[in-house]
Amino acid sequence: MTTVIASITLTEQERTLFDALLTAARETSSTLRAAGGWVRDKLLGLPSGDIDIAVDNMTGEQFAHHVHHEGKVGVIKSNPDQSLHLETATTFINGVSVDFTNLRSESYTTTSRIPAIRFGTPKEDAERRDLTINALFYNLNTQQVEDWTENGVSDLKAGIVRTPLPPMETFLDDPLRVLRAVRFAARFGFRIDDELMKAASSPEVTQALATKISRERIGKELSLMMTKPRIGYALGTILA
């Protein structure tokens, strides 16, 4: 059982940052949510650097320009080969790197892992993510953790790697998520969900991984995985 903190306690630096963001949110009638890795790591009591902010009513770039600070706003263009399907506005505020995107929904074809993207709800945004433990939000406006998949917090506590949607659907949409599941299992020493393992080793997903993902992108993910101390266990489990 993994120790998970009941609520998120902000550092002074994070509190100052979020206050600045909420000032802009009031001006734009926006709801802001910290998303993904920062929320996961804070709940695990781990230090977390970069913060991803999801905006509900405009693009990340549009919101970033409303934030009153001296840093420049850079825009990272979408690049599917690097798993970047949406433009991201990035800037430094009070010494913290912050990325801004909008909440989105994604739909895929059978031949490509490049999704069609539209504005989405928090639930849709959570469900299109790779794993439940990476699909948690911290709502800056309400100061509450949001678990739209209804499994993120419990999976974090139990130490389970699971997909928000049925794993076959998740992996056929983007087969690279198989390798990400292994990487996070190795990173935290978590158990891989049985249904996830079954889907990951299926002929359909294996074929999709070979045809939809470039060798360069697979190589990059494998390189990230090899830095994890438990990678042998994770790979052995999912390939068994």
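Begin by selecting arginine 162, which is partly exposed, with a relative accessible area of 24%. The model in the viewer is a predicted one. The contrast in burial follows from the cut-off, because buried means under 20% relative accessible area.

Next, select glutamate 146 and arginine 33. Their side chains form a salt bridge of 2.6 Å, N to O. Glutamate 146 belongs to strand β9 (residues 144–146) and arginine 33 to strand β1 (residues 32–35), so the pair ties together parts that are 113 residues apart in sequence. Both glutamate 146 and arginine 33 are buried.

Proceed to arginine 40 and aspartate 41. A salt bridge joins them, and their closest N and O atoms are 2.9 Å apart. Both arginine 40 and aspartate 41 are buried. Now extend the selection to Arg187: Arg40, Asp41 and Arg187 are linked in a network of salt bridges. For the model, the count of salt bridges comes to 13.

Select Phe18, Trp38 and Tyr138, which form one aromatic cluster. The count of aromatic pairs comes to six.

Notes:
Residues are numbered from 1 along each chain as its sequence is written. This is a predicted model: local features need pLDDT of at least 70, side-chain atom pairs count only at pLDDT 80 or more; totals for chains, interfaces and linings use all residues. Side-chain values use heavy atoms; hydrogens and water are left out. Rings of Phe, Tyr and Trp (its six-membered ring) pair if their centres lie within 6.5 Å; planes under 30 degrees apart count as stacked, over 60 as edge-to-face and the rest as tilted. A salt bridge is a side-chain nitrogen of Lys or Arg within 4 Å of a carboxyl oxygen of Asp or Glu. Helices (H or I, at least four residues) and strands (E, at least two) are DSSP runs, numbered from the N terminus. Buried means under 20% relative accessible area, exposed over 50%, partly exposed in between (1.4 Å probe, protein chains only).
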